[in-house]
Amino acid sequence: MSTFIMPKQIISGAGALKQAESSLAGLGKKALVVTDEVMIRLGNLAHVEEALKRCGISYVVYSGISGEPTDVMIEKGFELYREEGCDFLVALGGGSPIDSMKAIGALAGNGGRITDYLGKVIEKPVPPMAAVPTTAGTGSEATQFTIITDTERDIKMLLKGAVLMPTLAVIDPQFTMTAPPAITAATGLDALTHAVEAYTSRKAQPLSDVFALSAVKRIFTWLPEAFRQGSNVQAREEMSLAALEAGIAFNNASVTIVHGMSRPIGALFHVPHGISNAMLLEKCLSYVLDGAYERFGRLGREIGAAAGDAGDREAGGSFLKAVTDICRTCEIPTLQEYGIEKASYTKVIDKMAEDAMASGSPSNTRKEIGLEDVKAIYRELYNT
């Protein structure tokens, strides 16, 4: 038996925001719009404001999300939500504003501080939430998860609860057209990681497999083009769909070792989430390949990296090479190229490994993974 959940409503394609106006009007009377300064400068926020005005909805903007969200940002956003008498939330941006919206919503419905919910399932109802993603990657618009940095303990908290699933997801590719190549690469490879891990997870199920496989195929076809030619409308549309599919897949099948090991790197060295995932892909997947040849083999055949009659071991190896190649195409830096010093990195390997295992994600890997395995991968990662 398995449970499968998605947003209550998804509106996707060109003009999706305009089409979503009647749905937005039914969410509440006053919205807290959670976004960042980049969305204001690019003019994206103005489109959302116009939509809310046409619906006759009052709103207040919280643009205090800078970089990946922290507990401090969430507390400030919740304070504004409460002071302004808001009754629902809208997020505009990449994964950070959407994750922030969910965390603010969690406080609105459950009280306390956001750090209180580490290791717990958020269960009390939250206000209605609408997510308008502007990057094709995180899939946060279709998940019951949010990642928030605890600034006191220097860890990225993975918080979860079915109530965190957005009520409405608006997938309008017009908003992704402004993403520069580096952001396109980081978010696209984040989506690839979601899809691959969902498909190879112990928690994979038939429905999640459908979305995961579709996402992987779209990403290998369209991410290189979106990276090289950001004005390609079809590539942007396809990547928006792929990110949504990948989000739906991992929301129901979870993630595995890559995400478990990625979060500590991001927390300690401030590496953007999609980049830290991509840095880890080759080493992590190489390490776990022999625990799921059948799954990786099918991925290799599905994307055309291996012939249809190739065996699982051969096809799995071909898939791994294709992953390495797409990361190279998207110009993903190594730890050294990113500017992380070896001494600083080596010093915290034990902490990173412990935090990775504590997240629970590595245990979803089909190959048995222990603390020493994670430490070994971290060490090998810097020596690449």
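1. The model is predicted, so to speak of local features a pLDDT of at least 70 is needed, side-chain atom pairs count only at pLDDT 80 or more, and totals for chains, interfaces and linings use all residues. Residues are numbered from 1 along each chain as its sequence is written, and side-chain values use heavy atoms, with hydrogens and water left out.

2. Helices (H or I, at least four residues) and strands (E, at least two) are DSSP runs, numbered from the N terminus.

3. Next come the neighbours of β8. Strand β1 (residues 9-12) pairs with β8 in the parallel sense over four bridges, where pairing requires that DSSP finds at least two bridges between the strands. Strand β5 (residues 129-133) also runs parallel to β8, joined by two bridges. Ala169 of β8 is the bridge partner of Ile10 and of Ala131.

4. Now for the helices. Helix α7 (residues 181-200) packs against α8 at an angle of about 160°, with axes 9 Å apart. Axes are lines fitted to C-alpha atoms, for helices over the stretch in contact, and angles run from 0 to 180 degrees between N-to-C directions. The two helices are therefore roughly antiparallel, a term for angles over 145 degrees. Among the residues that meet are Leu189 and Leu192 in α7 and Val216 and Phe220 in α8; contact means heavy atoms within 4.5 Å.

5. Helix α8 (residues 206-228) also packs with helix α13 (residues 312-329), at about 20° and with axes 10 Å apart. These two are therefore roughly parallel, the term for angles under 35 degrees. The contact includes Val216 and Phe220 of α8 and Phe319 and Ile326 of α13.

6. Where does Lys375 sit, and is it buried or exposed? Lys375 is found in helix α17 (residues 371-382), and Lys375 is buried, with a relative accessible area of 12%. Not counting residues up to four places away in sequence, Lys375 touches Ile349, Asp350 and Ala353. Lys375 and Ile349 are 26 residues apart in sequence, and their C-alpha atoms are 6.4 Å apart in space.

Key:
Buried < 20%, exposed > 50% of the residue type's maximum accessible area, 1.4 Å probe, protein only. Parallel < 35°, antiparallel > 145°, perpendicular 65-115°, else oblique.
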